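Let's take a walk through this protein together. Have a look at the picture first, and then we'll go through it piece by piece.

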Amino acid sequence: MSCRKSAMDLLARREHSRAELRQKLLQRDFDAQEVEDALDGLEADRLLDDARFAESYVHYRRGRGFGPLRIRQELQQRGVGSELIGAYLPARPREWLDDARREYEKKFGSVKVDDFKERARRARFLQGRGFPGEVIRMVLDWDE
């Protein structure tokens, strides 16, 4: 199977970043130059696009309840440049408040809590989902 065909098979399943696709093709023992040529061709044909990948990934992960810190880290791990991340990942904390509240209510319901340990546990949950401290404080203050 050709390198381009393998790349297209991977892209048919889901969007990939260039770096992610490069890594997968190299793991399949394709020559590095052959991989770069195939990736260049796919970009020229607009079948591979890091901007489209970043937009799609942010939309998908945000819909799954993850916050901006986690999504940013995952995009960086997938080789997406910081300029594209900034373009598709809303940076203002207020834009993430509704998402954080939705995840909070899904996990804990609307029962208010006064216990410090329990509030800390709930804060750690939101932190693990990738929400910044400012948003977590707003959610927990909202809970009071």
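Is the crossing of α7 and α8 left-handed or right-handed? Keep in mind that this is a predicted model. The crossing turns out to be right-handed. The axes of these two helices come within 11 Å and cross at roughly 125°. At that angle, α7 counts as oblique to α8. On the α7 side, the contact is made by Ala100, Glu103, Tyr104, Lys107 and Phe108, while α8 brings Glu118, Arg121, Arg122, Phe125, Leu126 and Arg129.

Tyr104 leads us on to the largest nonpolar core, which has 26 residues. Tyr104 is among those with the most contacts inside this core, along with Ile71, Leu75, Val80, Phe131, Val135 and Val139. In soluble globular proteins, nonpolar side chains tend to be buried together.

Now hop over to His16, in the loop between α1 (3-13) and α2 (18-27). Is His16 buried or exposed? It counts as buried because its relative accessibility is 1%. Leaving out residues up to four places away in sequence, His16 touches Leu10, Leu11, Leu21, Lys24, Leu48, Asp50 and Phe53. The His16 side chain also has a polar contact of 3.0 Å with the side chain of Lys24.

Definitions and conventions: Residues numbered from 1 in each chain as written. Predicted model: local features only at pLDDT ≥ 70, side-chain atom pairs only at ≥ 80, totals over all residues. Heavy atoms only, no water. Core = buried A, V, L, I, M, F, W, Y, C linked by side-chain atoms within 4.5 Å. Buried < 20%, exposed > 50% of the residue type's maximum accessible area, 1.4 Å probe, protein only. Helix = DSSP H or I, 4+ residues; strand = E, 2+ residues; numbered from the N terminus. Polar contact = N/O pair within 3.5 Å; in protein donor to acceptor, adjacent residues only side chain to side chain. Contact = heavy atoms within 4.5 Å. Axes fitted to C-alpha atoms, helices over the stretch in contact; angles between N-to-C directions. Parallel < 35°, antiparallel > 145°, perpendicular 65-115°, else oblique. Left-handed = near helix turned anticlockwise from the far one by under 90°.
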